[in-house]
Amino acid sequence: MKYNEQIKIRSYDVDMNGVLRPTVLLAKLEELGAHQMVKYPPSNDDLRKDGKGFILSRVVLEVNKELRDGDICEGYTWACDNSRGLSFNRCYELLKDGEVAARVYTVWALLDINEKKLLRVEEYNTVGGEAESAFEMGIPLRVRMPRAEEYTEIAKRRVFYSDTDLNGHMNNTKYLNMLCDFVPDIEKRKLRGINISYVAEAPLGDELAVYFKADGDVCYFKTVRSDGKINCEAVVYF
């Protein structure tokens with residue numbers, strides 16, 4: 001079951017070039033999913049009270065059309081019928097003047113916080129209304145990442161209070177800002193897409209080592225926590 005709301009792009013949503021920031025785009029679309037779950041329970045609050053919560057494991061974001069201050073769009077989201085095992089899949093779509101401006105494909109896991117175990121789709125059924133078919137993305141859902149020796153460490157990046165959410169970890173949408181901040185000449189580039197895998201949370205106060213490799217218009221990233229665990233792996237397409 002598709003759920004939709006109108007979304008307006010405002011002046012504080014855009015960057016120095018007047019283009020919608022990818023972090024804001026993802027946040028606006030994820031909010032649609034939360035609203036659908038309120039209308040078709042259980043909501044995220046219901047899950048939290050029941051000792052459960054969703055954890056995002058992958059985001060594939062595709063930008064087909066630049067959005068700017070004042071643009072009015074139609075946002076859509078739905079649970080996907082290809083959810084299996086431990087993967088709860090969800091699609092998001094943003095339309096401007098009837099054309100697809102952006103698409104996001106996400107993979108979530110549902111955690112039983114008390115039991116510290118992941119729940120299977122078959123155990124909890126569909127969350128957020130009747131499931132529908134997923135769309136085809138224009139960028140790969142799975143990517144072969146570079147070998148460790150191909151990366152160069154380019155920075156240390158502390159997790160600040162402004163990055164965090166209710167869990168005390170860097171919010172999944174904030175990663176897009178962090179990664180784009182390390183892309184050379186980002187203000188001169190036109191973003192085409194991002195594929196990011198969230199491997200382990202980044203807690204408040206931790207210092208991440210940022211590793212980078214460029215291959216033409218494709219930028220590869222890996223961030224590593226201070227305890228040596230990989231935090232995320234990502235590909236940014238231009």
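Is Lys52 buried or exposed? Lys52 counts as buried, because its relative accessibility is 13% (buried means under 20% relative accessible area, exposed over 50%, partly exposed in between, with a 1.4 Å probe and protein chains only).

## About the model

This is a predicted model, in which local features need pLDDT of at least 70, side-chain atom pairs count only at pLDDT 80 or more, and totals for chains, interfaces and linings use all residues. Residues are numbered from 1 along each chain as its sequence is written, and side-chain values use heavy atoms, with hydrogens and water left out.

## Salt bridges

Let's stay with Lys52 for a moment: its salt-bridge partner is Asp50, with the closest N and O atoms 2.9 Å apart. Asp50 is partly exposed, at 42% relative accessibility. The structure holds 17 salt bridges (a side-chain nitrogen of Lys or Arg within 4 Å of a carboxyl oxygen of Asp or Glu).

Another pair is Lys96 and Asp71, at 3.9 Å between the closest N and O atoms. This bridge links distant parts of the chain, 25 residues apart: Lys96 sits in strand β4, Asp71 in the loop between β2 and β3 (72-79). Strands (E, at least two residues) and helices (H or I, at least four) are DSSP runs, numbered from the N terminus. Asp163 and Arg157 also meet in a salt bridge (2.5 Å, N to O), and both are buried.

## Nonpolar cores

A nonpolar core is a set of buried Ala, Val, Leu, Ile, Met, Phe, Trp, Tyr and Cys residues joined through side-chain atoms within 4.5 Å. The largest has 52 residues, and Ile196 and Phe221 touch the most other members. Helix α1 (residues 22-39) gives the most to this core, with six residues. A second, separate core of 14 residues includes Val60, Cys80, Cys91 and Met137.

Leaving aside residues up to four places away in sequence, the contacts of Ile196 (heavy atoms within 4.5 Å) include Ser57, Tyr175 and Cys232.

## Cysteines

How many disulfides does the structure hold? There are zero, a disulfide being a pair of cysteine sulfur atoms within 2.5 Å. For Cys91, the nearest cysteine sulfur is that of Cys80, 3.3 Å away. Cys91 is buried, at 0% relative accessibility. Cys180 is in no disulfide either, and the nearest cysteine sulfur, that of Cys219, is 9.2 Å away. Cys180 is buried too, with a relative accessible area of 11%.
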